[in-house]
Amino acid sequence: NSYFKEDLSKAMSQEGASQFQEVIRQELELSVKKELEKILTTAPAQEFEFWQEKGPSVDWGKIQRPPEDSIQPYEKIKARGLPDNIPSVLNKLVVVKLNGGLGTSMGCKGPKSLIGVRNENTFLDLTVQQIEHLNKTYNTDVPLVLMNSFNTDEDTKKILQKYNRRVKIYTFNQSRYPRINKESLLPVAKDVSYSGENTEAWYPPGHGDIYASFYNSGLLDTFIGESKEYIFVSNIDNLGATVDLYILNHLMNSPNGKCCEFVMEVTNKTRADVKGGTLTQYEGKLRLVEIAQVPKAHVDEFKSVSKFKIFNTNNLWISLAAVKRLQEQNAIDMEIIVNPKTLDGGLNVIQLETAVGAAIKSFENSLGINVPRSRFLPVKTTSDLLLVMSNLYSLNAGSLTMSEKREFPTVPLVKLGSSFTKVQDYLRRFESIPDMLELDHLTISGDVTFGKNVSLKGTVIIIANHGDRIDIPPGAVLENKIVSGNLRILDH
């Protein structure tokens, strides 16, 4: 099944809209409804349905800092120790990875999870290795579930055939929504097919769709029937999102005896994270606020590291029984994010999306846990990829940990220019990944290549002007250096 939450009325209307605007809005809603019904007539029976509902909006004036006790420091959770019986606690867990994204932003075709990140291992390889290690160590049966999108499902399923391991792997598909023409505010799609010209007419509607799609896949009931109690949900490209036994113990043995239905891992903001969604108090409940929901006048306030000190890592621990209850009551309430896009042909469209963490306010006894930065290691760009491929991290059973040889636990700030955007180009420019153990800051712009065994320390800035090229020679040590101009190393 596929579901579409139509929220154009909210996206368009302002409070106190005039009567004229109201008439226009009603006419538009009617047009949208007719268009959706037309598309529906092209679908096989029972295969498609559209949902129409209005989502809540955010009143900036009501946003407050969350109360102290609603976000617990990880140290306090860890101090409670490990569970008495680790296998029995682990056997109540299901690991879910969000696997709907493509690798297009990094110049790769197909699912992002199939990009090689370390020693030829892909994101998916590392995930499987982590859970395999967990199951072997504790003799448990923690399953892995992948939420695919129509963009990633086929390729992912082909790759899954290669894993003949001690991990049960399940998949389900998130929904498919029609993109909306920004001018006419009508669906771009004319029928439900998504081949040929119609491919660009559809999109996966954000990871907030997990609740409905997981429920409808039948997997939710399957796992409840197997006495599973919690899902640990995270982005597949966050290499820091590993199963944490201390958090799991806190969930299974709540100190106040009340079942905690939802835990959101947050971590302290740095200047690199100012756009990250933040946890706030809103009408007496914890609420996730994303930058897309913030009125323009308040964006700087939202980005402030002093007012909103933490952000959502999207590592979430959620009660299966609570998801079932809320889904059956149609009580999962998520703000709808209006995401404008321009398609390849130049058509401006809008996508209506939801975020998985936005449902936190619908759950009972929700909690934020302020975790170490090491639990947030996303790879969104080749700059991130350089960090995780370097000697800053060591790899053990699918998990990356910061090298003990690094004297301070912070991650260097790395900014690679547009010549490095695509993975293929990036790999071609490094004969081997430089030694970065003592690096603080690296900026590279222009046509730059690196020989083998280069060492980068302190702050290093390398700028090749347009038409120039800089070849960093093999074995070079750059410490607190700015390199600019033209440096060519030619074979003779």
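Biologist: Which residues do ring pairs link into a cluster together with Y170?

Modeller: This is a predicted model. In it, ring pairs join Y170, F172, F214 and F223 into a cluster.

Biologist: How many aromatic pairs does the structure hold?

Modeller: It holds 13.

Biologist: What describes such a pair?

Modeller: Two quantities: the distance of the ring centres and the angle of the planes. Now a case. The ring centres of F214 and F223 are 6.3 Å apart. Their planes meet at 35°, so this pair is tilted.

Biologist: Are F214 and F223 buried or exposed?

Modeller: Buried means under 20% relative accessible area. F214 has 1% relative accessibility, so it counts as buried. F223 has 0%, so it counts as buried too.

Biologist: Why is the pair of F311 and F376 edge-to-face?

Modeller: Because the planes of F311 and F376 stand at 75°, and over 60 counts as edge-to-face. Their centres lie 5.0 Å apart. The pair links distant parts of the chain, 65 residues apart. F311 belongs to strand β17 (residues 310-319). F376 sits in the loop between β20 (367-370) and α12 (382-389). Both F311 and F376 are buried.

Biologist: Rings can also face charges. Which ring does the charged end of R287 sit over?

Modeller: The ring of Y282, at 3.8 Å from its centre. Another case is R429, which lies over the face of F420. There the distance to the ring centre is 5.4 Å.

Biologist: Which residues does G446 touch, leaving out those up to four places away in sequence?

Modeller: S419, F420, R429 and A464. So the list includes R429 and F420, with contact meaning heavy atoms within 4.5 Å. G446 itself lies in the loop between β24 (435-445) and β25 (447-450). Its C-alpha atom is 7.4 Å from that of R469.

Biologist: On to strands. Which way do the residues of β8 point?

Modeller: L144, L146 and N148 point one way. V145 and M147 point the other way. Strand β8 (residues 144-148) is mostly covered, with five of its five residues buried.

Biologist: How many bridges join β5 to β8?

Modeller: Five, and strand β5 (residues 93-99) runs parallel to β8. In β8, M147 is the bridge partner of L98. Strand β9 (residues 169-173) also pairs with β8 in the parallel sense, over five bridges. M147 has F172 as its bridge partner in β9. F172 is also one of the residues in the aromatic cluster.

Biologist: Which helix does the chain pass through from β8 to β9?

Modeller: Helix α6 (residues 153-160). The β-α-β crossover is right-handed.

Biologist: What about T122: which strand holds it?

Modeller: Strand β7 (residues 121-122). T122 has 11% relative accessibility, so it counts as buried. Setting aside neighbours within four places in sequence, its contacts are S113, L114, I115, G116, V117 and Y163.

Biologist: Last, a helix end. Which residue caps the N-terminal end of α9?

Modeller: D244 does. One of its side-chain oxygens lies 3.0 Å from the backbone nitrogen of Y246. Helix α9 (residues 245-252) is mostly covered, with seven of its eight residues buried. The buried ones are L245, I247, L248, N249, H250, L251 and M252.

Note on methods:
Residues numbered from 1 in each chain as written. Predicted model: local features only at pLDDT ≥ 70, side-chain atom pairs only at ≥ 80, totals over all residues. Heavy atoms only, no water. Buried < 20%, exposed > 50% of the residue type's maximum accessible area, 1.4 Å probe, protein only. Helix = DSSP H or I, 4+ residues; strand = E, 2+ residues; numbered from the N terminus. Polar contact = N/O pair within 3.5 Å; in protein donor to acceptor, adjacent residues only side chain to side chain. Phe/Tyr/Trp six-rings, centres within 6.5 Å; stacked < 30°, edge-to-face > 60°. Lys NZ or Arg CZ within 6 Å of the ring centre and 35° of its normal. Pairing = 2+ DSSP bridges. Right-handed = clockwise from strand over helix to strand, strands pointing away.
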